[in-house]
Amino acid sequence: MSDKSHNSGMHLEILHQILSAATHEASAAMCRWTSGLITMSLDEVREIPLEAVTTEYDFGLDMLTMVVLTLNGEIGGSMILCFDEDNGRDLAASLLSRKERGEGDWTPLERSALCETGNILGCAYLNALTRLLSVELVPSPPYFIQDYGASVLEQALMEQAAIDDQVMICRTRFTRGDQELNWNVFFVPNSQMRQMMEESLHIDA
């Protein structure tokens, strides 16, 4: 193994520890918000070339339903909560105490239910990072979009790609009981946040 590969693997392992702690707090908040139905766990933290994102993450050909939060400023990044149509509708119906999922255009109430989910999840996640990094991280209000998943993720990764040939992605998965759901959260720190996470654990570049 080359020194570069060894250092990259060590960095990712340590970053995995930080992001696992943030995911744990977000999972507790998600569990409370869904009355104990839904939990989440960190799936992976990895580095890949930007051009490999589309093939590595098979988003399919259908548009996804997403809630996006951004961190503007020098220490920034993006958080993207994405669902396929059925899972997004099921969550909205559950939160609105409806027996059947909605159809057709998303109503303002359905959109609001998903945005509030992103708000609760994102605030818990970023509050944990705020404590771990000793820097205040305040996300933008969440917004609802329907778009192609690869397109939105690649856009969030462009800042990293401008200064490195590898981009870092953190993916989280959701479960209901022992059933894995087709939901994911992608957390994409900008280069300054990534550097701060590494420095907080005294990792040599």
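Y57, F59 and F186 form one aromatic cluster; rings of Phe, Tyr and Trp (its six-membered ring) pair if their centres lie within 6.5 Å, with planes under 30 degrees apart counted as stacked, over 60 as edge-to-face and the rest as tilted. This is a predicted model, in which local features need pLDDT of at least 70, side-chain atom pairs count only at pLDDT 80 or more, and totals for chains, interfaces and linings use all residues. Residues are numbered from 1 along each chain as its sequence is written, and side-chain values use heavy atoms, without hydrogens or water.

Searching the whole structure gives seven aromatic pairs. F174 and W183 have ring centres 4.9 Å apart and planes at 50°, so they make a tilted pair. Both F174 and W183 are buried, meaning under 20% relative accessible area with a 1.4 Å probe, protein chains only (exposed is over 50%, partly exposed in between).

Now the cores. A nonpolar core is a set of buried Ala, Val, Leu, Ile, Met, Phe, Trp, Tyr and Cys residues joined through side-chain atoms within 4.5 Å. The largest has 43 residues, and L19, Y125, L129, F174 and F187 touch the most other members. Helix α4, residues 108-133, contributes the most, with nine residues; helices (H or I, at least four residues) and strands (E, at least two) are DSSP runs, numbered from the N terminus. Beyond four places in sequence, the contacts of L19 include L42, Y125, F187 and M197, contact being heavy atoms within 4.5 Å. A second, separate core of 18 residues includes Y57 and V152.

Last, helix α5. Among its buried residues are V152, L153 and L157, and the cover over the buried residues of α5 includes α2, β2 and β6.
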